[in-house]
Amino acid sequence: MRFRVNGETVQVEPAAGQCLRTLLRQLGCFGVKKGCDAGDCGACTVHVDGRPVHSCLYPARRAAGRSVTTIEGLAGADGALHPVQRAFVDAQAFQCGFCTPGMVMTAAALDDEQRQDFPRALKGNICRCTGYRVIDDALHGVANVQPPGAEAPVGQSIGAPRATELVTGRAEFTLDAPPAGLLHMQLVRSPHAHARIRTIDATAARALPGVELVLTFADSPPRRYSSARHEHITEDPDDTVLLDRVVRFRGQRVAAVVADSQASAERAAALVEIDYELLAEVTDPEAAMVPGAPQLHADKPPEARIRERNRNLASEIHSHLGDVEAGLRDAYATYEETFEIQRIQHVHMETHATIGWIDDDGRLTLRTSSQTPFLTRDALCALFKLPPDRVRVLCGRIGGGFGGKQEMLTEDIVALAVLRLRRPVVLELTREEEFTAATTRHPMRVTVGVGADRDGRLTALSLRVISNTGAYGNHGPAVLHHACGEALELFRCPNKRVDAYCVYTNTVPAGALRGYGLSQTMFAVDSAVDELARQLDIDPVEFRRRNVIAPGDELVSVEDAPADVEIGSYGLDQCLDAVQTALAARRADPVPPPPWLVGEGVAVSMLHTSPPDGHRAVSRIEEREGGGYNLHVGSPEFGNGTGTVHLQLAAQALGTTPERIHLVQADTDAVSYDTGAFASTGTVVGGGATLQAAERLRELIDRRERGSPAAGRLSAEGSSDGRRRSVLFNAHGFRVAVSPLTGEVEILFSVHGADAGTVINPHQCRGQVEGAIAQALGAALYEDLVIGEDGIVLTRALREYHVPRLADVPRSEVHFAETRDRIVGPHGAKPMSESPFNPVAPALANAIRDATGVRFARLPLSRDRVWAGLAAARLVSTELG
């Protein structure tokens with residue numbers, strides 16, 4: 001077949017049924033991305049004879065005789081960027097950048113009529129990171145970054161160092177640099193929620209031409225571990241083996257086939273015959289705790305750190321401070337409700353993927369989409385009994401994470417295959433596998449009891465939390481502790497109680513997701529606090545001011561005040577002021593006519609600045625031959641913007657510009673240790689190490705100029721352990737209109753107050769806030785990973801899971817409190833990647849309550865659920881009348 005790709009004639013014979021996306025990547029056009037392979041996300045958009053198409057749906061053979069343009073060919077022959085590419089650079093209209101080529105290709109093909117309605121024109125493109133404001137800015141020609149100048153870099157909206165690479169498709173993501181001779185892996189997954197494998201017959205699969213290896217439980221190392229990655233492995237139960245003979249959820253991997261093509265691997269996987277002994281299953285966490293319920297991990301020994309195997313408890317928390325019963329009894333007003341918070345999925349646009357090979361020195365090498373390259377290396381060393389110098393883990397640019405890549409879901413099985421075959425192997429999860437077999441947010445059932453005196457001071461605060469960790473306990477105990485901790489610490493109250501349970505069920509495992517448990521409990525607690533304020537007829541903002549912690553207060557939650565956390569700076573008052581003022585200023589704006597109902601709501605949240613027990617980072621910076629510097633940092637870039645921040649911090653300390661510093665990241669061979677890019681530690685911990693290294697190098701340079709040190713290129717190292725912790729705050733406000741006829745919720749105005757300390761890069765920090773708001777709105781209004789009673793995941797494609805698109809997300813005003821932390825962070829900066837997520841759902845629910853008088857206690861606040869709730873409220877009112 002002959003066709004033209006980016007102006008060059010190509011002669012190639014596509015495989016039977018091959019789509020254009022895979023053919024173009026086969027030809028080296030790696031800017032053509034895979035986000036869904038179902039035409040749902042737009043990451044694979046290319047032009048065929050000038051028209052944009054989703055190349056994952058376009059048959060390769062249809063391109064015969066046609067001209068195809070990919071992102072690599074959009075720029076002019078002289079290398080000048082296309083106007084849309086230039087606009088995306090100027091607006092910095094990306095974070096992770098995985099969706100950017102598809103966005104640019106779609107936007108570049110719009111005609112004048114389509115440009116009048118960008119939300120409609122881009123309905124086929126998804127961005128999970130940005131919240132879309134910057135993309136809309138790019139489409140309207142708005143520039144957001146400051147050109148290089150004489151100003152000190154810290155505090156300036158400096159652009160990302162690899163912006164041009166992102167908009168031209170040259171940025172290398174995980175699978176964009178495949179080695180020669182690559183073999184392909186396909187996983188075989190269990191169709192049962194709970195079963196024991198009697199036998200596996202892979203004879204037919206092994207006989208298929210092209211098949212190189214079939215792995216089963218017989219090939220699995222016996223060592224137990226957790227897929228969760230933490231600095232201290234004891235935070236998670238060791239309840240997982242690489243290929244288990246017992247399956248505990250539908251979708252658990254039970255075998256792996258490696259072949260010379262993806263198609264051959266898929267055909268062979270279908271030929272693997274497995275005989276199962278079915279076991280009793282339990283999918284409801286309350287039922288799982290009842291004596292006599294099916295036990296998921298009865299086979300695990302005490303050293304696996306499972307709290308109570310016979311009750312399916314991965315962990316539990318019980319803490320009683322003061323006398324809650326007396327506090328409720330003596331209260332002037334009380335409120336109790338049970339809140340249901342659903343499963344959601346990360347939907348990072350790049351799915352989990354790993355390429356493994358043996359390098360020239362005989363070492364196991366993995367290029368992987370991970371937030372934790374060093375922790376993953378260490379886990380593989382333990383699993384396969386290899387010394388650290390025999391394993392290398394590196395990351396290219398990563399297409400989003402949100403906690404989902406703080407797991408080891410592909411690296412272990414790829415490593416096993418590579419060690420067996422001594423040949424390169426790739427595994428790339430499909431979008432369906434992300435929904436059915438990766439991890440989700442922990443669904444929770446939270447019962448809140450709260451009381452206050454006549455003056456609106458809290459007298460009692462009680463939580464009962466049931467967290468469904470699914471089949472495995474990865475992140476379960478830590479999420480439960482985090483969920484109960486800051487949610488209670490935020491409010492001053494003499495009597496507090498928590499009883500919380502992390503429960504195993506025969507469902508897809510939960511894991512780390514933005515907010516790490518707090519988005520669930522804060523929806524419940526803030527909603528209950530809001531309801532109490534309304535009972536007492538006290539302004540909801542004023543009620544919060546009376547009851548939130550203040551400087552000098554102890555942080556008291558599920559145990560005595562944590563010794564390593566202090567209030568190093570306090571911006572919650574400013575956040576509330578900004579939200580309240582902004583909402584008041586918009587009350588004169590036009591609103592939909594009756595029968596639409598209009599209301600306002602606010603919510604607050606608090607977060608510790610880093611995880612307990614430390615989070616380590618080491619940075620190294622050195623003078624470069626010919627001028628400039630090389631900066632080596634351990635954490636990867638996946639849209640959090642820390643790469644830019646590292647450059648700003650180092651440049652300011654060295655008295656140079658970010659452009660003169662070359663950044664090396666996330667390669668266990670090339671950089672020093674870093675716990676990983678999670679828990680919002682990229683700036684406060686990793687950035688702290690970089691600032692220290694740069695300051696030390698500056699001292700050495702000064703000494704050399706005074707004639708003290710030896711000649712030659714200088715270098716210095718800095719470190720940070722995150723052991724001293726502070727707190728940060730967020731507040732969100734909404735003005736909404738609700739239709740009682742349809743249940744539709746229209747957001748009229750959105751405003752956020754963020755206590756970020758010293759803001760190193762205002763544009764990037766605002767982008768983190770906006771991205772969190774958009775993701776949280778999806779979780780509040782639409783997103784729901786539905787699981788049937790038999791444990792099967794019913795949500796299996798993006799078209800069945802409403803990820804917010806440009807048309808769905810309102811612009812939010814973002815206000816930063818003017819604080820500078822005295823404990824953490826370079827220049828007093830505080831983290832701001834996940835915390836803005838947490839107050840969004842309760843603020844929205846509170847606004848709907850204000851508009852309608854109905855308290856909704858179950859997420860998502862979908863149109864049908866809101867309509868049904870309002871209909872039920874009218875029915876009750878009629879009966880009482």
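How many of the 14 residues of H14 are buried? The legends below describe close-up views of a predicted model.

**View A. Helix H14 and its burial.** Of the 14 residues in H14, 13 are buried, and the helix is mostly covered. From its first C-alpha to its last, H14 reaches 20 Å, close to the 20 Å expected at 1.5 Å a residue.

**View B. The aromatic pair Phe-249 and Tyr-472.** A search of the whole structure finds 6 aromatic pairs. In the pair of Phe-249 and Tyr-472, the ring centres are 6.5 Å apart and the planes stand at 80°, so the pair is edge-to-face; the cut-off for that class is over 60 degrees. This pair links distant parts of the chain, 223 residues apart. Phe-249 lies in the loop between strand S9 (246–247) and strand S10 (253–259), and Tyr-472 lies in the loop between strand S19 (458–470) and helix H14 (476–489). Both Phe-249 and Tyr-472 are buried.

**View C. The aromatic pair Phe-435 and Tyr-801.** The ring centres of Phe-435 and Tyr-801 are 5.2 Å apart with their planes at 55°, so this pair is tilted. Phe-435 belongs to helix H13, while Tyr-801 sits in the loop between helix H20 (762–781) and strand S28 (812–816). Phe-435 and Tyr-801 are both buried.

**View D. Arg-616 over the ring of Tyr-673.** Arg-616 lies over the face of Tyr-673. The distance to the ring centre is 4.1 Å.

**View E. The largest pocket and its lining.** The volume of the largest pocket is about 1,400 Å³. It is lined by 44 residues, of which Arg-21, Thr-22, His-184, Gln-262 and Glu-428 are the closest to its centre. The lining comprises 20 nonpolar, 11 polar and 13 charged residues. At least two lining residues come from each of helix H1 (20–26), strand S6 (183–189), helix H8 (262–271), strand S14 (353–358), strand S17 (425–428) and helix H13 (431–437).

**View F. Glu-407 in a loop.** Glu-407 is found between strand S16 (391–394) and helix H12 (411–421). Its relative accessibility is 1%, so Glu-407 counts as buried, the cut-off being under 20%. The C-alpha atoms of Glu-407 and Gln-371 are 8.1 Å apart in space, and the two residues are 36 apart in sequence.

Notes: Residues are numbered from 1 along each chain as its sequence is written. This is a predicted model: local features need pLDDT of at least 70, side-chain atom pairs count only at pLDDT 80 or more; totals for chains, interfaces and linings use all residues. Side-chain values use heavy atoms; hydrogens and water are left out. On a 1 Å grid over the protein atoms alone, a cavity is a set of points where a 1.4 Å probe fits but cannot get out, and a pocket is an open set with protein on both sides within 12 Å along at least five of seven lines; lining residues have an atom within 4 Å of a point. Grid points are joined across faces, edges and corners, and a volume is the space filled by probe spheres set on the points. Helices (H or I, at least four residues) and strands (E, at least two) are DSSP runs, numbered from the N terminus. Ala, Val, Leu, Ile, Met, Phe, Trp, Tyr, Cys and Pro count as nonpolar, Asp, Glu, Lys and Arg as charged, and the others, Gly among them, as polar. Rings of Phe, Tyr and Trp (its six-membered ring) pair if their centres lie within 6.5 Å; planes under 30 degrees apart count as stacked, over 60 as edge-to-face and the rest as tilted. Buried means under 20% relative accessible area, exposed over 50%, partly exposed in between (1.4 Å probe, protein chains only). A charge sits over a ring if NZ of Lys or CZ of Arg is within 6 Å of the ring centre and within 35 degrees of the ring normal. The expected span of a helix is 1.5 Å times one less than its number of residues.
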